[in-house]
Amino acid sequence: MKHITILIPNGHTNLSTMACIIGAYEILVRANDYWQENGKQSLYEIEMAGVSLNTKFMQGLLELKTQKHVSAVKKTDLIIIPSIVFDYDENNKENLELVDWIMRNYRNGCEIASMCSGAFMLASTGLLDGKKCSTHWCFADVFKKKFPKVDLQVEKLITDEHRIYTNGGGYSFLNLMIYLVEKYYDRQTAIYCSKIFQIEMDRQSQSAFVIFTGQKQHGDEMIKKAQEYIESKIHEKISVETLSSKFAVGRRSFDRRFIKATGNTPVEYTQRAKIESAKKAFETTRKTIHEVMYAVGYSDTKAFREVFRKITGMSPLEYRGRYNKEAAN
């Protein structure tokens, strides 16, 4: 029988951390039960382990007891890292033993899955360097700055590479669990669990949930002014040449500085700012697609639809139908 370890981290945890732990445990137990009900032998032993006997949540209002100290888990086949609170540096001090244990087990052939901001703990091991990774979109800027060697794919709901699985934010960890159930059991068991827990199967993107606020956590004041200029001219078409000349910087130098500061080219940033404005219009007004398109500086319907789908994973019509019931009627 193989072994799955769900980690219970120390530090400033919250209810989302607890939901990840309990949710993962419940889904895996149900998958195991279903597997046995169909005349097959149990595949996995599932345990919750940490570096403390008890971990408190919500300032001590709730408490979760570990089944084992991680040092007692000599071999495991899958490690599941739940989400952690945003102040990772402080939390990491209390979880150094977990980090070392994760690295040691990966080297011994173990697989690892991180949920949401649990990617911060996983990335601190160095195991994600050069690999694809996802996390909650609202942590993307901080994550990129802290772990520049990791190939962050924030639009992806799930990544799967070299025995490492990561997923996006919030309760999308449920989709990761269904993905793992299919991988570790079979498709039918995954379908069963998706129906029991009412989790949509085969979701691949979190793009539709992203709120673009602009990557401004950098120290380049000139680029910040350029970003603010772009965001103030959403209704206009702005060329990179116009931007670079406005700030008296050569085109190539401007491009390099912009990419270094924001992670996007000026064109990509402009597109994201325009589409974010379009999304808000679709969510809050009854404007037609053409009215919104013109309001954000597009005159070519095909180009607007293509950029919108590229950024959100949906067509403008699908997006409006999902987030604005009045406009959809």
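Modeller: Start with arginine 251, which at 36% relative accessibility counts as partly exposed (buried means under 20% relative accessible area, exposed over 50%, partly exposed in between, with a 1.4 Å probe and protein chains only). A word on the basis: this is a predicted model, where local features need pLDDT of at least 70, side-chain atom pairs count only at pLDDT 80 or more, and totals for chains, interfaces and linings use all residues. Residues are numbered from 1 along each chain as its sequence is written, and side-chain values use heavy atoms, leaving out hydrogens and water.

Arginine 251 forms a salt bridge with glutamate 241 (a side-chain nitrogen of Lys or Arg within 4 Å of a carboxyl oxygen of Asp or Glu). Their closest N and O atoms are 2.5 Å apart. This pair links distant parts of the chain, 10 residues apart: arginine 251 lies in helix 10 (residues 251–262) and glutamate 241 in helix 9 (residues 240–246). Helices here are DSSP runs of H or I, at least four residues, numbered from the N terminus. Glutamate 241 is partly exposed, at 45%.

Arginine 251 also meets aspartate 255 in a salt bridge, 3.0 Å from N to O. Both sit in helix 10, and they are separated by about one helical turn because they are 4 residues apart. Aspartate 255 is buried, at 19%.

Now another pair. Glutamate 318 and arginine 309 form a salt bridge, with closest N and O atoms 3.5 Å apart. Glutamate 318 is partly exposed, at 41%. Arginine 309 is partly exposed too, with 41%.

Elsewhere, salt bridges link Glu182, Arg187 and Asp202 in a network. The count comes to 14 salt bridges.

Definitions and conventions
Helix = DSSP H or I, 4+ residues; strand = E, 2+ residues; numbered from the N terminus.
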